[in-house]
Amino acid sequence: MKKERRAFIKKIGLASLASALGAEIVFGNNMPKGYVPVLLEEQESLKSLGKDPALKVLNDKPWNVETPIHLLDDKITPAEKMFIRNNGLLPEKIDVSNWTLTIKGESVEKEKSYTLLELKSKFKSYTYQLTLECGGNGRSEFYPPAEGNQWGQGAVSCATWTGIRLKDLLEDVGIKNDAVYVGYHGSDTHLSGDPSKESISRGIPISKARQDETLLAFQMNGKDIPLAHGHPLRLVAGGYPASVSGKWLKAISIRNKVHDGSKMESPSYRVPIEPVEPGERTSDDNMQIIESMPVKSLITFPKSGAEFSLGKNLAIKGHAWAGEKEVTKVAYSIDFGTTWQNCQLDAPVNRFAWQHFKANIKFPKKGYYEVWAMATDDQGRSQPMIVPGWNPKGYLNNACHRIAVKVI
Ligand SMILES: Nc1nc2c(c(=O)[nH]1)N[C@H]1C(S)=C(S)[C@@H](COP(=O)(O)O)O[C@H]1N2
Ligand SMILES: [Mo]
């Protein structure tokens with residue numbers, strides 16, 4: 001594809017390149033023949049993945065693409081605005097008509113494979129809105145910096161997923177009583193190119209696998225799942241870190257112990273049991289696997305930095321979620337957390353779907369303000385106002401989201 005693009009670009013002149021970039025290429029005559037300006041290359045690749053070019057590319061090998069928070073305003077995240085977190089390279093060839101899913105592992109009576117068509121015709125389909133948040137969302141705010149993609153707060157989505165229930169499939173396969181964990185195997189390529197290595201192979205406890213909302217999905221927002229998000233089959237388990245929702249699903253292992261695939265080991269997707277000093281290393285014994293994600297909220301409207309005139313009310317809105325729990329309250333503050341007012345909060349459409357909130361804010365006078373939002377879950381746990389406990393990989397930053405507002 002890259003080659004085709006090069007050829008195409010060779011044919012178009014400097015002027016058209018400049019118009020695509022929105023600026024004159026000042027030293028354009030010095031560009032080697034067929035050279036593709038970096039910005040254009042990035043925009044073109046985003047487009048080929050079906051993405052809004054306003055998304056922020058953190059890395060393109062593998063693709064790690066973040067959604068600016070104001071672009072998360074839709075109640076249901078559209079494909080073009082959904083963040084991408086890949087650990088390896090996109091599968092090169094996807095043969096949908098010959099795609100099979102194999103169920104294997106110590107705890108199956110007998111290994112069994114299904115074609116996609118069998119999965120779709122044999123089992124009933126269900127549709128749920130499911131929040132998928134990367135465990136490392138918000139990592140960039142930890143200090144000292146934690147290694148990994150420096151996500152802001154935009155590695156979260158809530159789309160509509162359609163597929164069959166994993167529990168129905170497990171029933172059909174026949175699972176032994178000693179099953180405790182389910183691991184996934186995708187068909188993406190390890191960064192090294194070595195076909196014997198898996199870029200990521202995580203999983204969920206058998207109890208999570210048996211929840212009604214845990215799907216083997218083949219549709220997202222009513223269409224085939226886009227390539228970047230796991231076409232043609234994906235495990236989707238909302239409420240847990242999105243790393244357990246395996247894309248390009250080829251096989252599932254039913255394990256009689258905690259799955260030991262790639263990125264299950266410490267410190268991946270684990271946090272300290274006993275808190276550690278910022279920057280401190282800790283033993284693997286002190287690390288536990290992240291299960292439910294913590295309570296969190298984002299103000300998706302207005303965009304931070306918005307200006308508006310005094311006398312008008314500002315209608316803010318956003319989403320709140322709490323992993324496997326429900327959000328029972330979202331409050332906002334315009335005085336740096338001294339006083340809080342309740343927002344209007346919708347119930348979730350189904351378990352593990354994010355909830356929408358809104359409020360009308362009146363500002364007392366012209367000037368600079370910050371709007372802070374704080375969600376509370378049904379266990380009475382609220383978001384911290386500052387970055388929570390430092391941890392070696394920078395997971396679970398659920399600090400209150402803040403936007404700047406100027407009243408003029
Ligand atoms: N096969 C496979 N599944 C995967 C990944 C991956 O790299 N390969 N990344 C995981 C991680 S870490 C996250 S956060 C989510 C990202 O989902 P998205 O790219 O659809 O937003 O997919 C998860 N499933
Ligand atoms: Mo992730």
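Colleague: In what sense do β16 and β18 pair, and over how many bridges?

Modeller: They pair in the antiparallel sense, over 5 bridges. Two strands count as paired if DSSP finds at least two bridges between them. Strands (E, at least two residues) and helices (H or I, at least four) are DSSP runs, numbered from the N terminus. This is a predicted model, so local features need pLDDT of at least 70, side-chain atom pairs count only at pLDDT 80 or more, and totals for chains, interfaces and linings use all residues. Residues are numbered from 1 along each chain as its sequence is written, chains are lettered from A and ligands numbered from 1 in the order in which they are written, and side-chain values use heavy atoms, with hydrogens and water left out.

Colleague: Which residue of β18 stands opposite Leu298?

Modeller: His319 does. His319 also stands opposite His356 in β22. Strand β22 covers residues 355-361 and pairs with β18 in the antiparallel sense over 7 bridges.

Colleague: Why is β18 called largely enclosed?

Modeller: Because 6 of its 8 residues, 314-321, are buried. Buried means under 20% relative accessible area, exposed over 50%, and partly exposed in between (1.4 Å probe, protein chains only).

Colleague: Back to β16. Where does Lys296 lie, and is Lys296 buried or exposed?

Modeller: Lys296 lies in β16, residues 296-301. Lys296 is buried, with a relative accessible area of 3%.

Colleague: What joins the side chains of Lys296 and Gln153?

Modeller: A polar contact of 2.8 Å. That term means a pair of N or O atoms within 3.5 Å; within protein, one must be able to donate a hydrogen and the other to accept it, and residues adjacent in sequence count only if both atoms are side-chain atoms. A polar atom of the Lys296 side chain also lies 2.9 Å from the backbone oxygen of Asn397.

Colleague: Which residues does Lys296 touch?

Modeller: Leaving out residues up to four places away in sequence, the list includes Glu133, Asn137, His319, Trp321, Gln383 and Asn398. Contact means heavy atoms within 4.5 Å.

Colleague: New topic. What is the strand order in the open sheet of 5 strands?

Modeller: The order is β5-β4-β13-β8-β9, with mixed pairing. β5 (112-115) and β9 (203-205) stand at the edges with a single partner strand each, so one side of each is left without a neighbour in the sheet. Neighbouring strands are turned by 15 degrees against each other on average, direction ignored.

Colleague: Which helix packs on the sheet?

Modeller: Helix α5, residues 166-173. Helix α5 touches β4, β5, β8, β9 and β13, and its direction makes about 130 degrees with that of β5. Axes are lines fitted to C-alpha atoms, for helices over the stretch in contact, and angles run from 0 to 180 degrees between N-to-C directions.

Colleague: How many bridges join β8 to β9?

Modeller: 3, and these strands run antiparallel. Gly203 in β9 is the bridge partner of Gly183.

Colleague: What about α3? Which residues are buried there?

Modeller: Leu40, Ser45 and Leu46 are buried in α3, residues 38-48. Gly50 follows α3, and its phi is positive, near 80 degrees.

Colleague: And the whole chain: how many helices and strands?

Modeller: 6 helices and 24 strands. Of its 408 residues, 51% count as buried. The C-alpha trace spans about 70 × 60 × 45 Å along its principal axes.
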